[in-house]
Structures are given as C-alpha cells and as structure tokens.
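Good morning. Please have the sequence and the structure open while I talk.

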Amino acid sequence: MQSVTIGANQAGQRLDKFLHKYLPLAGSGFLYKMLRKKNITLNGKKAEGREILSVGDQVCTFFSDETFGKFSGRAPAGDSGSAPGGSSGGRNSGGKAPLPAEEKRLGEYWAAYRRLQGIAVLYEDDDFLIMNKPTGILTQKAAPGDVSLNEWMIGYLLSKNPALAEELSTFRPSVCNRLDRNTSGIVLGGKSLAGLQYLSRCIRERSLRKFYRTICAGALGEAASVRGYLAKDSMRNQVTVARTAEGGGPDPVPIHTAYAPIAVTDRYTLLEVELITGKSHQIRAHLASIGHPLIGDAKYGLEGVNRELRRRYGLSHQLLHACRVTFPEALSGIGSALSGRTFTAPCPKLFARLEQELFAQKTESD
C-alpha cells in the first residue's frame, strides 16, 4: 500500500485530476478501473474520481512496488507512514526515491536556474512570484529539449527550499502568462495552487491590467483604442489582423488593443500599449496592420527600418517590453496581498538606449 496526505497545493481539485499527476504514466482507463475495484481509495472508502479533495484527505493505492514505480516514476517507500503535501517522506529521510525520469526533471530545473541569466524577481510571497524576463528566453518550453523561464522558476524555488522536490510529483509551480522569446518584461508565476488559480482567473476575466512599452515605425500622434479580428497561420507561426469578422477567416478571434504615444518624431513613436485581450503576437500584428510595425520585428516589421537599426544599434529583435501590471482590488482572500498594487519592470539597456537616442531631438526641443 502507498498512502499520500493531501496538502494545500493538492486540495481543491478533483481526485481524478490529482491521480493523473500522482501517477502520470497511468492511463485514464486504468485509474478508473482501480477506483472501481477499490485499489485506489479516498479516506478508506471507494471513490469515483469526481470528489473534490480537501487538506488532510488520505489517498491510498494498493499496488505492488513494481506497479507503483511503473505508473508514478517513483520508487515507493512502502507501507509505513505518510507525509503532508504529497509524499511519504524525502530523498534523504527514507521516503520515495526518485527514479531516472524524476531525477531528469529535477536536473532540468537546476540546469535552467544555473544557465539562464538576468532574470530578476520583482515580488515574492508564499503564493506569487513576479519576474522580469530578459529577451532571448522562452517563457515555457516549445520543444522537449528547450530550457525556459518555467524551469528556471522551479529551480529558483528549489534553491530556497530543497524540500519542494517532495511536492513536485503532484504540484508544480508555474508561470501564468506567456511572452514571446524576444519580448522582455513581467511574467507572473504561481507558487501555490491557490496562487495559480487566482492569477489564471485574473487573466481570464481581464481584471488584470497589462501595459507594454514599444517603439514603432512612423508618427502616431494620438491615443487610440483599436479592435480587429485575428487569424493564425500555425504553419508559419504568424497571424493576420482584419477589421471585420468576415475578413478574419473561418475562426476569427476578436482582439482589442489600446495605445498612447509618449514621444513622437517624424520617423518613430514611443508607445505605451495596454493589452486588453491577450492573444499571440497581438501587439505586433495589430500595430503592423495600421501601418506602424514595431522596430526590429522581422516577422511583421519594415526591412529597411530594421536593417538601419540593426547596423546602428545591433537591434535584432522586436522592441517590446511588458513594463507594468496593475492588480484588481481584492478586499479578502488570496488576492488581498496584491490588491490594487502596480508592479513595474525596468526596460532593458538596449531599449533605454534607443529611447534616449531616437527621441533625443524631441526631448531637446521640448
């Protein structure tokens, strides 16, 4: 028998969802069969899988050691004892010993933490982690061999609390919003299940305000709020923007972007953009669709402008920075620690240099 006590980061989810994390190599059919036969029980009783777990619940699996190891990727501790938070002890305390697959995952987290440089933590508490991502770093893996901010985040948390390794089989901290590899700025992470759920809800309900800084080609003299319909070409990893739903293809996605100029010359505009809907490449494609693409953007930009800035400044990517987020008011509950607060991420050095030099004349004339 193997026993696990449900902790705070496992509670609040359905039993079957938890089992898929606890036994990640087991199929749904096998799990439901084991539930029907009472080879998996909840608090000593037969369960269906739809039950919502609470802190302190006991999930028991009546498997041989070999079967448990096969479906969990972990060697079991045996029948004695259980520990809160999703394990029966630790690597150095007689608990479940990690098998090669789990060792590999832990190695990825540590490798990402050592390898990825320049990531700054802007805010941290028990539930949330707010980071400033440099350009050139993936937010999440795009392929199995990738190294991303998501792995860095877990590696960072392990460096502060090695005991976290015990919980990673059933709960993994994670980033909640994505930035393109070459977009810098604020990325939100949930350290706890409650934190992840709160951030996901804020993003889904659009109660979290997200602002970006960019420099676009051409003069945009007035603030505006623009809408359109986005269609994605998955083969080319590119999107197009139409003004009407009919022009957006078979599955048009409505988008809404607001912007305000901060400084303007006859060739460039320094913009603050509010992303009201958050879709892939939205800011880049939306501004390009109105004739003002981001400088440095090889996919949606102007080659002549990009070539000049690459020669003069070494700019080799779109200049886009997620500079600020403002959280909604929350008088109580998990969101109260962030209620109404605004977090700002300083721009990268190259952005600051271009801002200073491209708008120097404008500053002097003002």
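Predicted model: local features only at pLDDT ≥ 70, side-chain atom pairs only at ≥ 80, totals over all residues.

Let's start with the largest nonpolar core, which has 34 residues. Those with the most contacts inside this core are Met131, Leu149, Trp152, Leu158, Tyr212, Ile283 and Leu287. Several elements give two or more residues to the core, including helix H4 (100–115), strand E8 (128–133), strand E11 (209–217) and helix H7 (282–289). Helix H5 (149–160) is also one of them, and H5 supplies the largest share, seven residues.

Take Ile283 as an example. Leaving out residues up to four places away in sequence, Ile283 touches Tyr212, Val273, Leu275, Leu294 and Leu320. Apart from this core there is another, of 20 residues, with Leu23, Ile40, Leu53 and Phe63 among them.

Now back to H5. Is H5 mostly covered or mostly uncovered? It is mostly covered, with 10 of its 12 residues buried. Among the buried ones are Asn150, Glu151, Trp152 and Gly155. On length, 12 residues at 1.5 Å a residue should span 16 Å, and the end C-alpha atoms of H5 are 17 Å apart, which agrees.

Last, the sheet. Four strands form an open sheet in the order E1-E4-E2-E3, and the pairing is antiparallel. Strand E1 (2–5) and strand E3 (45–46) are at the edges with a single partner strand each, so one side of each has no neighbour in the sheet. E3 is joined to strand E2 (residues 40–42) by two bridges. In one of these strands, E3, lysine 45 is the bridge partner of leucine 42.

Definitions and conventions:
Residues numbered from 1 in each chain as written. Heavy atoms only, no water. Core = buried A, V, L, I, M, F, W, Y, C linked by side-chain atoms within 4.5 Å. Buried < 20%, exposed > 50% of the residue type's maximum accessible area, 1.4 Å probe, protein only. Contact = heavy atoms within 4.5 Å. Pairing = 2+ DSSP bridges. Expected span 1.5 Å × (residues − 1).
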